[in-house]
Amino acid sequence: LTKELKKADKAGKKFTKDFDTNTKKSTKSLNSLGKSFNPVTIGAAAATTAIAAMSAVIVKTSFEIVKLGLDVVESQNLVSVSFGLMNDEAKIWSKGLSDSIGLNKFELEKMAANLNLIVEQMGFTSEESFNMSTGLTELAGDMASFLNLEFDQAFAAIRAGMVGSSE
C-alpha cells in the first residue's frame, strides 16, 4: 500500500507540474493573443461610442426638425384663420418685410396674425385689421431698432399695450 501511495504521490506531483506548465503556456499564449487584439478592441469600443453619440445627436436633431415643422404648420394655421381672405396679402407682406429687415417671415406672419385677432375684436373690418396688425408689427421692428431691444421684446410691449396689460 505504501508503494502504491508513493506511486500515486509521484503521479500527482507530475500532474501538478504538468498542469502548472501548461497553464503558464496557455496564459502566455492568451496574453499574446490579447495584446494583438487590444488595439482592435479599443478601436471598436471607440467606434461604438462615437456611433452612439452620433445616433443621439441625429435623434435629437430629428426631434427638433419635426418640432420646427409642427411650429410652422401651427403658425400657418393661425395665419390662415386670422387673416382669412387677406391671407395672400399677409404672405406677400411678410416676405417683403422679411427680405428688408432680415427676420423670419413665419415669425412675422405669426406676430401679425396674433395682433390681427386682437384688432378684429375691436370691430375693425378685415382690411383695417390687416393694415393695423401689419403696421404694428412693423412698428415693433422700428422700436427694437431705436431702443436697442430684441424684436420679440418690442412686439410683446405692443401686444401688452393692445390688451391693456402692464407687463
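Here are some notes on this predicted model, point by point.

1. **Ground rules.** This is a predicted model, so local features are taken from residues with pLDDT of at least 70 and side-chain atom pairs count only at pLDDT 80 or more, while totals for chains, interfaces and linings use all residues. Residues are numbered from 1 along each chain as its sequence is written, and side-chain values use heavy atoms, with hydrogens and water left out.

2. **Overall fold.** The protein chain has five helices and zero strands, giving the pattern α-α-α-α-α when read along the sequence. Helices here are DSSP runs (H or I, at least four residues), strands are runs of E of at least two, and both are numbered from the N terminus.

3. **Burial and surface.** Of the 167 residues in the protein chain, 21% are buried. The cut-offs on relative accessible area are under 20% for buried and over 50% for exposed, with partly exposed in between (1.4 Å probe, protein chains only). The chain exposes about 12,100 Å², and carbon and sulfur atoms supply 63% of that. Those areas come from the Shrake-Rupley method with a 1.4 Å probe; for residues, only the protein chains shown count as cover.

4. **Contacts along the chain.** Take the contacts between residues at least 6 apart in sequence: 52% of them join residues at least 24 apart. A contact means heavy atoms within 4.5 Å.

5. **A nonpolar patch.** Have a look at Ile51, Met54 and Ile58, which form a nonpolar patch on the surface with about 320 Å² of accessible area together. Patches are built from residues with over 30% relative accessible area and no salt bridge; nonpolar side chains (Val, Leu, Ile, Met, Phe, Trp, Tyr) are joined within 5 Å, and like charges within 9 Å. Ile58 sits in helix 1 (residues 2–83) and counts as exposed because its relative accessibility is 54%.

6. **Helix 3, end to end.** Helix 3 covers residues 105–120, and its 16 residues should span 22 Å at 1.5 Å a residue; the end C-alpha atoms are 22 Å apart, so the two agree. The expected span is 1.5 Å times one less than the number of residues.

7. **The buried side of helix 3.** Buried residues in helix 3 include Leu108, Met111, Ala112, Leu115, Ile118 and Val119. Glu109 and Asn116 are buried there too. An α-helix has 3.6 residues a turn, so residues three or four places apart point the same way.

8. **Salt bridges around Glu109.** The structure holds three salt bridges, each being a side-chain nitrogen of Lys or Arg within 4 Å of a carboxyl oxygen of Asp or Glu. Glu109 pairs with Lys91 (3.7 Å, N to O). That pair links distant parts of the chain, with Glu109 in helix 3 and Lys91 in helix 2, 18 residues apart. Glu109 also meets Lys105 (3.6 Å, N to O), and these two lie four residues apart in helix 3, about one turn of the helix. Together, Lys91, Lys105 and Glu109 are linked in a network of salt bridges. Glu109 counts as buried because its relative accessibility is 0%, whereas Lys91 is partly exposed at 26% and Lys105 is partly exposed at 25%.

9. **The Asp99 pair.** Asp99 and Lys95 meet in a salt bridge (3.0 Å, N to O). Both lie in helix 2, four residues apart, about one turn of the helix. Asp99 is exposed at 55% relative accessibility, while Lys95 is partly exposed at 45%.

10. Asn87 belongs to helix 2 (residues 87–101) and is buried, with a relative accessible area of 14%. Setting aside neighbours within four places in sequence, Asn87 contacts Val79 and Ser80. Thr134, in helix 4 (residues 126–147), is buried at 5% relative accessibility. With its neighbours within four places in sequence left aside, Thr134 is in contact with Trp93 and Ala112.

11. **One backbone angle to check.** Asn148 has a phi near 55°, a positive value in a residue other than glycine. Asn148 is in the loop between helix 4 and helix 5 (151–163) and is exposed, with a relative accessible area of 71%.
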